[in-house]
Every structure is written in structure tokens, then in C-alpha cells.
Amino acid sequence: MALTGLEIYKQLPKTNCKECGFPTCLAFAMKMAAGQVSLDKCPHVTAEAKSALESASRPPIQLVTIGTGDNEVKIGNETQLYRHEEKFYRPAAVAVKISDSLDEEAIAQRAEAAGRLKFERVGTEIKVNLVAVCNESGDAAKFEAAVKLAEEKSGLGCVLISASAANLAKAADALSGKRPLLYISDPTEAEAAAKVAKDNDCPLAVRADSLEALAELTPKLNDAGVEQIVLDPGARGLKETLESLTQVRRLSLKSFRELGYPAIAFTTAEDPTLQAIEASAFIAKYAGVVVTDAVEPWQMLPVLTTRQDIYIDPQKPVAVEPKLNAIGEVAEDSPVLVTTNFSLSYYSVEGEVEASRVPAYVLAVDTEGTSVLTAWASDKFNAETITEAMKKSGVAEKVSHKQLVIPGFVAVLSAGVEDESGWSVQIGPKEASGLPSYLKKQTTA
Ligand code: SF4
């Protein structure tokens, strides 16, 4: 939890010596509380005060970095229990599980499939982040070979899962410099695994059978020099996992330091649909990493969509640039459609126009990222704003007709738009999904 200026001030020497560049210790404390200056600017702060301030200003949930370069994922550092109170900051990493008991070809196929799990949604790429290689064989050499193969074929960051610290050490060495998340499934090996994590500069996930056991374990890992920890409270199954993830989040936000780390969750359902449902639920309720067997695109798309929706700032509408967009090989007789610059509205329209294979212009009007009905109700999508957007876009110079298609939900705007713009207005379908048949009929007519 962030400290207030007064809380920081209490720990300062209060001599107002100005050596930090500020006229008083209080002024320095206020700047520090605002995050504009760091404690090391005061040369007179005592070691006790420094340690108290550093530990109090540590985020309630430790930031953990997995992978490097393009594969780097940061999890943790969250500050809220309820998304609407502010926002969630660091999307959960999604990992596809691969067993080292599979043969080489199956490992390669699964890893390649995981690497292909990327989609474009509302103008943003959403994708799987990690492969989680599981040492089910118990064999160190098999594990090491599987890890190398899965990393190479997927092109993704890795989670290395084993019950043996020695096997983890071999596999981590094979991925030297790539910062995989090491996961030790046997709690009795946790301290040995901490040494492996420290030696390889990797984050460490630990499992215990209860939250109490985890709370006892994490200080030992800190003593071994590991700060970047991921917690597995050992629960399995949808209900039990959600309960433990929620408890970890609640306790960490109450500054219970021993559990102040992101958590990892595993889907266990055998039914492929339930795997996707479990993964989505864990993402919605606080998992920092979700490991799943789901590898089919139809399973993963709803999981990644849930993640994208949960981690969008609820106080900031997602908007596209308000402008005229040409979809397909447009010509001067191509239809002109209008919608708002709310990204979900815009991309729904764009997607359906593409699907219709009828080239068309789509004009996104600046409604501050609100949807058609919301913008109409708040008077941001009206005859004047639509006409203004048409003029600004220069659409009249691009087409040889003067016909504008407006969304069916705002048919009431047609007369006003006709008067204001001088174009004739056609009422389009209410939902974007009606556009392909609408456009095809228009073209045929
Ligand atoms: Fe106060 Fe330290 Fe700044 Fe001196 S250097 S004014 S003691 S905060």
C-alpha cells in the first residue's frame, strides 16, 4: 500500500538540512509520496527508517517477471479486489501444459499449436503467453529435452514444472538467460528449488497444501534470496481453486506480506469445454498464471477474450481513431456506412463488412468511444456530429453517390441527417451481424 507523505515524514531525520534539494523534510516526504523522488536522495536517513519505508512501500502483491524480450510477461502488483474500484493492471499469463511423457513429435505438435494461439480482437492481438512443460516422467534428461523442444517450437516463454529441484536445475540451465518460471510441486523440495531459482535468476512458483503452509514457506524463500514468488495454494477443482485464489487476493491486499504474491491455477476438468470455463473463471478471479490442457483455438478464444475484457480499464472506453475506413477494394459506387468509434461497435461492423465481401467505406464518428445507443442517448451521435464527421473525412470526394447507411437502432436520426448533410439516408440493420445479407441485397438491387 502506498505510504502517505506524513507516514514517510515520521521516518525522516526532520533536520531540514536541504541536502536532498527540498527546503524541508516534509516537502521531500510529500514528493516521495507522489512517487516523484526516491529515498536515496536523503543521505541522512537511518538504516532502520530505510528498511521500514522500503518494506512498507512494497506493493501488496509482488511484481513477478517471467521470460525475456518479446516473451516477457509481468504479473502481480495488483491493488484492487474489485475491478470497478480502479482497474486490474497485469493480465494473467495463460500457459498450455505439455507433458514430457509425450513422444517428441507430440511435444513439438502441441508446442507449435500453442505458439499459433493468437487472435485479433477489437484491433488488439490476444495470445497465449507460455508453455508449461511438466516433468511427469520424473526423468531429468527427458524433462530437459522436452523443455528445449517446447520452447523452440512454440517460440513462447516457459513454466518448468517438476517435483525435483535437481531436475528443475537441469532444465533451467537449458533455458539459461530466458527466465522461465520454475514451479516446484513437492513442498519438501522448495528450499532446494529456491537455490536453483536464485542461481538462475528465475521466479519460483511453490505449492503447499494450505495457505498456512504457504505463509510459512515464503519467508524461507525470501531468506534464500528469492523475492519473485508465485503461489499455488494446492487447491484443485473450480470451487476450491476460486476460494483459495480469492483468499490469497484478500489477504495480500490486507498487507499480509507472506501471501503478497501472484497465484498460479491449474485447470483439471477433462471435458474440453469445462477446461475453457475453468481457465476463464480463474482469470476473472485473481490468477496470475493459468495452466491448462486447452490447446484448441475454439477453447482458447473465449479464455483470451475473458482476459482482455477483465483487464480493460472499466473507466476508459476503448476507442478507435475516428475516421473514414476503406474495407476491401472500394470504388466510387461503394456503400458508405456510419458507426461510432467505440472499438467493439467499429470492429463488429468492420468484421461483418469483410465477411460480406462487399467493399465499403465505414465512417467511425468520434463519440468518445461510446456505443451507438449510448452515444445517441448522450447526444454524441446525432445529425450534426455525423455530418461534421462526413465533411472532415472527405467522403463526398471519394464516392459518386450521396447515400449513407446508418445503424437501424438510430433510424430516428434519418430525417435530421438528410437535412443536415444533404445525403439520402438508408436504414441499415440493427445488429452488425445483419450487414452481410443487407449489403448483398443492396448490391444485387
Ligand atoms: Fe530532510 Fe533528508 Fe532532505 Fe535533509 S536531506 S532536508 S534530512 S529529507
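Helix 6 passes helix 7 in a right-handed crossing. Keep in mind that this is a predicted model. In this pair, helix 6 covers residues 165-174 and helix 7 covers residues 190-200, and they pack at an angle of about 15° with their axes 9 Å apart. That angle makes helix 6 roughly parallel to helix 7. On the helix 6 side, the residues in the contact are A165, L168, A169, A172 and D173, and they meet A192, A193, V196 and N200 of helix 7. Sorted by class, the contact of helix 6 with helix 7 has seven nonpolar residues, one polar and one charged.

**Two further helix pairs**

Helix 9 also passes its partner, helix 10, in a right-handed crossing. From helix 9 come L238, T241, L242 and L245, while helix 10 brings E278, A281 and F282 to the contact. Those residues split into five nonpolar, one polar and one charged. With an angle of about 15° between them, helix 9 and helix 10 are roughly parallel to each other.

Then there's helix 12 with helix 17, packed at an angle of about 50°. That makes helix 12 oblique to helix 17. The crossing of helix 12 past helix 17 is right-handed. Here V349, E352, V353 and S356 of helix 12 meet L435, P436, L439 and K440 of helix 17. The classes in this contact are five nonpolar, one polar and two charged.

| Helix pair | Residues | Angle | Axis distance |
|---|---|---|---|
| Helix 6 and helix 7 | 165-174 and 190-200 | about 15° | 9 Å |
| Helix 9 and helix 10 | 238-253 and 272-284 | about 15° | 10 Å |
| Helix 12 and helix 17 | 343-356 and 435-444 | about 50° | 8 Å |

**The sheet and its helices**

Five of them form an open sheet in the order 13-15-14-16-17, with mixed pairing. Strand 13 (324-327) and strand 17 (424-427) are at the edges with a single partner strand each, so one side of each has no neighbour in the sheet. From one strand to the next, the twist averages 30°.

Strand 14 (residues 336-340) runs parallel to strand 15 (residues 360-365), and five bridges join them. V336 has Y361 as its bridge partner in strand 15. V336 also stands opposite L404 in strand 16, where two bridges join the parallel strands 14 and 16. Carry on from L404 and you reach V425, which stands opposite it in strand 17. Strand 16 and strand 17 are parallel too, joined by four bridges.

Helix 14 (residues 383-393) touches strand 13, strand 14, strand 15 and strand 16 (403-406), and its direction makes about 120° with that of strand 15. Helix 16 (residues 414-421) touches strand 16 and strand 17, with its direction at about 155° to that of strand 17.

**Around the ligand**

Finally, the ligand. The residues around the ligand are P13, T15, N16, C17, K18, E19, C20, C25, F28, C42 and P43. By class, this shell has seven nonpolar, two polar and two charged residues.

Definitions and conventions:
Residues are numbered from 1 along each chain as its sequence is written. This is a predicted model: local features need pLDDT of at least 70, side-chain atom pairs count only at pLDDT 80 or more; totals for chains, interfaces and linings use all residues. Side-chain values use heavy atoms; hydrogens and water are left out. A residue is near a molecule or strand if one of its heavy atoms lies within 4 Å of it. Ala, Val, Leu, Ile, Met, Phe, Trp, Tyr, Cys and Pro count as nonpolar, Asp, Glu, Lys and Arg as charged, and the others, Gly among them, as polar. Axes are lines fitted to C-alpha atoms, for helices over the stretch in contact, and angles run from 0 to 180 degrees between N-to-C directions. Angles under 35 degrees count as roughly parallel, over 145 as roughly antiparallel, 65 to 115 as roughly perpendicular and the rest as oblique. A crossing is left-handed if the near helix is turned anticlockwise from the far one by less than a right angle, and right-handed if clockwise. Contact means heavy atoms within 4.5 Å. Two strands pair if DSSP finds at least two bridges between them.
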